[in-house]
Amino acid sequence: MNTLVIYASKHGTAKKCASEVSQRLTGKVDLCNIKSGKLPELSQYERVIIGGSIYVGKIQKDISDFCLNNLGLLKQKKLGLYLCCSNKKEFDTELKNAFPQELISTAAAVENFGGEFNFKEMNFLERAAIKMVSKGMAKEDPSMAQMDMKKSVSMLLQDNIDRFIELMNNVIEAQGLGVDVVSQTTVTSKV
Ligand SMILES: Cc1cc2nc3c(=O)[nH]c(=O)nc-3n(C[C@H](O)[C@H](O)[C@H](O)COP(=O)(O)O)c2cc1C
């Protein structure tokens, strides 16, 4: 089974997750950054994984456009969707905003992979936005209120990543599950 893992990532979290997923999936896997250029031909893939990250409540526009422009084709694939969403409490809402409902309901796996705050990569405005996001997160996790913005923070949800990969590997045998995909171009290819 040929698989496409397509992602968008600003500071590297969704990219790191896409890389891990592509390395651990069985079969031939093409890994594509949606911003890297020409999109691969979707017809050559049976399984598609689409991932992105949340910025002020929204996924990257390239991913939204990709899903909308390829909706019919994606519904025919074995589909996996993931978000890098730091605010766990908001995941359900962010998911509904990020992907068309038709794709969410047909996907074989949908997960929040969590997020990271890579402060060294952020500009002043991004740091200000993180202060707002972390205020909301502090309601559940009081330690967020005292976050040291000189240190990077990882909130990756490894159990969710593991579960997602397991489901997507199992989908090979489980014919008939709906899946979606997004794509991006190039980068690596693994057999
Ligand atoms: C400007 C900015 C706004 C953000 N807004 C949100 C948000 O609304 N909700 C959330 O859960 N995470 C938010 N985050 C956290 C990112 O989703 C998190 O850093 C993620 O790991 C970024 O992934 P990427 O490096 O692949 O782009 C925001 C981060 C930045 C820098």
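Me: Leaving aside its neighbours within four places in sequence, which residues is Met 168 in contact with?
Reply: This is a predicted model. Met 168 belongs to α7, where it is one of the buried residues. Beyond four places in sequence, its contacts are Leu 25, Arg 47, Ile 49, Gly 80, Ala 108 and Ala 109.

Me: Which residues have the most contacts inside the largest nonpolar core?
Reply: In soluble globular proteins, nonpolar side chains tend to be buried together. Here the largest nonpolar core has 43 residues. The ones with the most contacts inside this core are Val 5, Leu 83 and Met 168.

Me: Which element gives the most to this core?
Reply: β1 (2–7), α1, β2 (28–33), β3, α2 (61–69), β4, α4 and α7 each supply at least two residues of the core. The top contribution is five residues, and it comes from β4.

Me: How far apart are the end C-alpha atoms of helix α7?
Reply: Helix α7 covers residues 158–170, which is 13 residues. At 1.5 Å a residue, α7 should span 18 Å. The model agrees, because the end C-alpha atoms of α7 are separated by 18 Å.

Me: In α7, how wide an arc do the buried residues cover around the axis?
Reply: Phe 164, Ile 165 and Met 168 are buried in α7. They sit on the same side of α7, because the arc they cover around the axis is only 95°.

Me: Which exposed residues does the face of α7 turned away from its buried side carry?
Reply: The buried residues of α7 have cover that includes α1, β3 (47–53), β4 (78–84) and β5 (109–112). The face turned away from that buried side carries exposed residues, namely Asp 159 and Glu 166.

Me: Seen down the axis of α4, within what arc do its buried residues fall?
Reply: Helix α4 runs over residues 91–98, and Phe 91, Glu 94, Leu 95 and Ala 98 are its buried residues. An α-helix has 3.6 residues a turn, so residues three or four places apart point the same way. The buried residues of α4 line one face of the helix, because they fall within an arc of 105°.

Me: Which exposed residues are on the face of α4 turned away from its buried side?
Reply: On the buried side, the cover includes β3, β4, α5 (101–106) and β5. The face turned away carries the exposed residues Asp 92 and Lys 96.

Me: Is Phe 113 buried or exposed?
Reply: Phe 113 lies in the loop between β5 and β6. It touches Cys 17, Tyr 82, Leu 83, Cys 84, Leu 156, Leu 157, Asn 160 and Ile 161, residues up to four places away in sequence not counted. Because 25 other C-beta atoms lie within 10 Å, Phe 113 is buried.

Me: What distance separates the C-alpha atoms of Phe 113 and Asp 162?
Reply: Along the chain, Phe 113 and Asp 162 are 49 residues apart. Their C-alpha atoms are separated by 9.5 Å.

Me: Which element gives the most to the shell around the ligand?
Reply: Of the 25 residues around the ligand, Ser 9, His 11, Thr 13, Ser 53 and Gly 115 come nearest. The elements that give two or more residues to this shell are α1 (13–24), β6 (114–117) and α6 (124–137). With four residues, the one that gives the most is α6.

Me: How many residues of the shell around the ligand are charged?
Reply: The shell has eleven nonpolar residues and nine polar ones. Its charged residues number five.

Notes
Residues numbered from 1 in each chain as written. Predicted model: local features only at pLDDT ≥ 70, side-chain atom pairs only at ≥ 80, totals over all residues. Near = placed C-beta within 6 Å. Nonpolar A, V, L, I, M, F, W, Y, C, P; charged D, E, K, R; others polar. Expected span 1.5 Å × (residues − 1). Buried ≥ 20, exposed ≤ 12 C-beta atoms within 10 Å, placed from the backbone. Arc of directions from axis to C-beta. Contact = placed C-beta atoms within 7 Å. Core = buried A, V, L, I, M, F, W, Y, C linked by C-beta atoms within 7 Å.
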